[in-house]
Amino acid sequence: MAYMKRSPWIIHYDGSSCNGCDIEVLACLTPLYDVERFGIINTGNPKHADIFVVTGSVNEQNREVIRNIYEQMPQPKVVVALGICACSGGVFRECYNVEGGMDKVIPVDVYVPGCPVRPEQIIDGVVKALGVLEEKRARMKSGAPAEATV
Amino acid sequence: MNLLYAVAFIILAPLVGGLIAGVDRKLTARMQGRMGPPVLQPFYDVGKLLEKEHVVVALSQNYFVLAYLIFIAFSGALFFSGGDLLLVVFALTLAHVLLVLGAYAATSPYSFIGAERELIQLMAYEPMVILAAAGFYIATGSFYVTDIAAFPRPLIVLLPGIFIGLFYVLTMKLRKSPFDIATSHHAHQEIVKGVTTEFSGSTLGMVEVAHWYETVFLLGLFWLFFAWSPAIALIAVAILYLAEIFIDNATARVKWGFALRSIWAVTLVLSALNLVALQYFGGL
């Protein structure tokens, strides 16, 4: 049965975001957008989460944190990079301390650009991530590793 | 006949408890002006948890959580088959101690704080639950749930203090604000996830199902106060649960010290007054 798509729990991590995207993530939880309609819960605990929603770019200080959170999540899991900084580093990509987008550290499944991302885009991105999550679950069930590219 | 009730509880309680949890989440969302998840959402959640990879921090936590589920189901089954209320109370305590041991099994600071807070919760509500059993005994002359349920007079009239005290504690037992200090439901967070921080996948699913069992058992306990008329009892229990949802949404979480002090003060004073009054003016 595919319960995976009906109950995606997210963990949100603010890399070195300016807080613009993070405010929009929280806006998704408010009555106007209410992502709990889709069973989405913001857990704040990697061990309970299915979707890793990450904002901001990778720098020297947070790369270990990002990898640590990612590795603590049980399979199947997907990563959604929210905002242009998480996708590629954005305007900060040339900075001396910025390494680039999230895909420098962990495999990213869905890229959602924008500065900041609009709540509608976030919901769109998460719904797209649900498809990937379901794919990974099916792959896991058939005995193969959840991640296609290792 | 009694065994039949026990089996019925073990099979039906997760369904009823899950539905109650679903209605709870829907009503909570409506109170906050949101649409809310589907009523069957708690079942989707547990179904999802069973599909996840089984990550275990310490092997012993599996056994502790499984034992927690079994003892919660056991104490509920014992209650609904009309067993000894004192045994039910102590089996329930044992179940929660097993959950605490499961949380301690993983050497994680978050899980430790959650476990300590769960112990504080046990300390806070346990006197009230035992006093409630004592109150039922003084009023009806029996610890057996069958006899208490068959008592011809409305127990709510004889035990109003015990009733209010138990209702005060119910908030903590259902893990609702302002007393959700060990862990909470919904999107609230409490020191990561408190006592359940280190549980994931099917282990977390078992904790959820145990909570459904416990919800049904607790509502059954309140049923006893109105057991002389099942129609009134059903309405009363529904109103009690609605009141809990309202309290959950209308209050903020308090510090553990205040939770402990206020619960002891309210429950011990009310139930002591109730028991003394019952000794001198009514009862047997």
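## A friendly walk through a predicted two-chain model

Helix α4 (residues 119-141) of chain A runs for 23 residues, and its first and last C-alpha atoms are 33 Å apart, close to the 33 Å expected at 1.5 Å a residue. This is a predicted model, so the answers below rest on computed values.

Reader: Which elements do the buried residues of α4(A) pack against, and which of them belongs to chain B?
Author: Let's begin with the buried residues of α4(A), among them A:Ile122, A:Val126, A:Leu130 and A:Arg137. Within chain A, the buried residues of this helix pack against α1 (20-27), β3 (51-55), β5 (78-82) and β7 (110-112). The partner from chain B is α2 (41-51).

Reader: Thanks! What backbone feature comes just after α4(A)?
Author: Look at A:Gly143, placed just after the helix. Its phi is positive, at about 100 degrees.

Reader: How many residues of chain B are in contact with chain A?
Author: On the chain A side, 21 residues take part. By class, these are 7 nonpolar, 8 polar and 6 charged residues. The number of chain B residues they meet is 25.

Reader: Where is A:Asn19, and is it buried or exposed?
Author: A:Asn19 sits in the loop between β1 (9-14) and α1 of chain A. It is not a glycine, yet its phi is positive, about 85 degrees. Because it has 12 C-beta neighbours inside 10 Å, A:Asn19 counts as exposed.

Reader: Which prolines follow a cis peptide bond?
Author: In chain A, the bond from A:Cys115 is cis with omega near -10 degrees, and its proline lies in the loop between β7 and α4. In chain B, the cis bond from B:Ser177 has omega of about 0 degrees, and the proline there is in the loop between α8 and α9 (201-223). The two prolines are A:Pro116 and B:Pro178.

Reader: How are α5(B) and α11(B) oriented to each other?
Author: The axes of α5 (residues 109-140) and α11 (residues 256-281) of chain B come within 10 Å and cross at roughly 10 degrees. Residues making the contact include B:Met128 and B:Leu131 of α5(B) and B:Ile263 and B:Thr267 of α11(B). By class, the contact has 18 nonpolar, 5 polar and 1 charged residues. Angles under 35 degrees count as roughly parallel, and the two helices are therefore roughly parallel.

Reader: Which residues does B:Val169 contact, leaving aside its neighbours within four places in sequence?
Author: B:Val169 is in helix α8 (residues 160-173) of chain B. It counts as buried because it has 23 C-beta neighbours inside 10 Å. Leaving aside neighbours within four places in sequence, its contacts are B:Tyr125, B:Met128, B:Ile263 and B:Thr267.

Reader: How many residues does the largest nonpolar core have?
Author: In soluble globular proteins, nonpolar side chains tend to be buried together. Those with the most contacts inside the largest core here include B:Tyr68, B:Leu69 and B:Ala210, and B:Leu69 touches B:Met206, B:Val209 and B:Ala210, not counting residues up to four places away in sequence. Apart from it lies another core of 38 residues, among them A:Cys21, A:Val78 and A:Leu130. The largest core itself has 77 residues.

Key: Residues are numbered from 1 along each chain as its sequence is written. Chains are lettered from A and ligands numbered from 1 in the order in which they are written. This is a predicted model: local features need pLDDT of at least 70, side-chain atom pairs count only at pLDDT 80 or more; totals for chains, interfaces and linings use all residues. Two residues are in contact if their C-beta atoms, placed from the backbone, lie within 7 Å. Ala, Val, Leu, Ile, Met, Phe, Trp, Tyr, Cys and Pro count as nonpolar, Asp, Glu, Lys and Arg as charged, and the others, Gly among them, as polar. A nonpolar core is a set of buried Ala, Val, Leu, Ile, Met, Phe, Trp, Tyr and Cys residues joined through C-beta atoms within 7 Å. A residue is buried if 20 or more other C-beta atoms lie within 10 Å of its own, exposed if 12 or fewer, and partly exposed in between; C-beta atoms are placed from the backbone. Axes are lines fitted to C-alpha atoms, for helices over the stretch in contact, and angles run from 0 to 180 degrees between N-to-C directions. Helices (H or I, at least four residues) and strands (E, at least two) are DSSP runs, numbered from the N terminus. Angles under 35 degrees count as roughly parallel, over 145 as roughly antiparallel, 65 to 115 as roughly perpendicular and the rest as oblique. The expected span of a helix is 1.5 Å times one less than its number of residues.
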